[in-house]
Amino acid sequence: MIWNFTKMQGAGNDFVVLDGVRQHIEMTPERARALGDRHFGIGADQILLVEAPSHPEADFRYRIFNCDGSEVEHCGNGARCFVRFVHEQRLSGRNPLRAEIATGLLVLDQGADGEVRVDMGQTRFEPEALPFDTQGLASRPCHDDTLWTLPLADGSSPELSLVAISNPHAVQVVDDVDAAPVATQGPLIESHPRFAQRVNAGYMQVLNRNEIRLRVYERGAGETLACGTGACAAVAAGIRRGLLDSPVRIHARGGLLTVAWDGRHLRMQGPAVTVFQGQVDIDALTASFNSKEPAQP
Ligand SMILES: N[C@@H](CCC[C@H](N)C(=O)O)C(=O)O
């Protein structure tokens, strides 16, 4: 079966975007893994699927798959690419657009400058929202936030802010984001058994009250060049810790995002770029991906 696709990126966080309105797309974890693979597939951090909505107030349903095949609740950089895709493919001329995600409705607006602004929906901070098992763990109040100390197998014990932007985030503050142990400690946090649905691990360096540097080890994708929901989580955590004031400029390795927070709504702004379009034989691709040698231990 041949699928048309579009390759897109938002601040270097890259996507394969599929129109599931005009073509029949049956996504599976195996197909998402094959599409996302950087050697056997097209290569992407996430696969985005645009479908007809089930919610009466939504224009489209927006589904997200990590490159490990897991379907997830939200993707901020992907949300901006979703708007550009819908407009460029002439699926709709509406602006703003309303997109249905697993946890509710997003409102997305493309400006004349090409930047897309997203109202990121509900934000929660209580451990059950991620969920995170706090039993027996040390914590301390920090301004309006609660920091949880999580002992890890590498001997480190980061102090984490918990934020759910529909998807789960654990954010820590570091002195120098370039020296942060993202590649080694990130996976230990991501798959820690206290996070029953795994977690995105954020590392934030505060430059001043309106500017941070950020790296994120993403659940199901590893470190990406930028993470939109991670940026929102870091800003909310930084404001709750008393370190930041809205709006905040976020320097990720792949580009610049801006996030504003009024205590209720998080609004994110940033680029969304089409890279190329193509066609893929999904059955042939999945078969060749599945025939590769298993990774050596
Ligand atoms: N890159 C994304 C987040 C994608 C989902 C995330 N890895 C998860 O599993 O929750 C973004 O821009 O927000």
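Which of the 19 residues around the ligand come nearest? They are Asn77, Asn167, Arg219, Gly228 and Thr229. Keep in mind that you're looking at a predicted model.

**Confidence**
- Averaged over the chain, pLDDT comes to 96, and 99% of the residues reach 70 or more.
- For the complex, the predictor reports an ipTM of 0.99, along with a pTM of 0.97.

**Around the ligand**
- The shell has 19 residues, with Asn77 and Thr229 among those that come nearest to the ligand.
- Two elements, α2 (76–88) and α4 (228–240), each give two or more residues to this shell.
- Helix α2 supplies the largest share, 3 residues.
- Sorted by class, the shell holds 12 polar residues, 4 nonpolar ones and 3 charged ones.
- Domain 1 (2–121 + 272–290) and domain 2 (127–264) both give residues to the shell, so the ligand lies between them.

**Helix α1**
- Take a look at residues 29–36, which form helix α1.
- This helix is mostly covered, with 6 of its 8 residues buried.
- Those buried residues are Arg31, Ala32, Arg33, Ala34, Leu35 and Gly36.
- What do the buried residues of α1 pack against? Their partners are the strands β2 (13–19), β3 (46–51) and β4 (60–66), plus helix α5 (282–290).

Note on methods. Residues are numbered from 1 along each chain as its sequence is written. This is a predicted model: local features need pLDDT of at least 70, side-chain atom pairs count only at pLDDT 80 or more; totals for chains, interfaces and linings use all residues. pLDDT is the predictor's confidence in each residue, from 0 to 100. A residue is near a molecule or strand if its C-beta atom, placed from the backbone, lies within 6 Å of it. Helices (H or I, at least four residues) and strands (E, at least two) are DSSP runs, numbered from the N terminus. Ala, Val, Leu, Ile, Met, Phe, Trp, Tyr, Cys and Pro count as nonpolar, Asp, Glu, Lys and Arg as charged, and the others, Gly among them, as polar. Domain bounds come from an automatic or database domain assignment. A residue is buried if 20 or more other C-beta atoms lie within 10 Å of its own, exposed if 12 or fewer, and partly exposed in between; C-beta atoms are placed from the backbone. Two residues are in contact if their C-beta atoms, placed from the backbone, lie within 7 Å.
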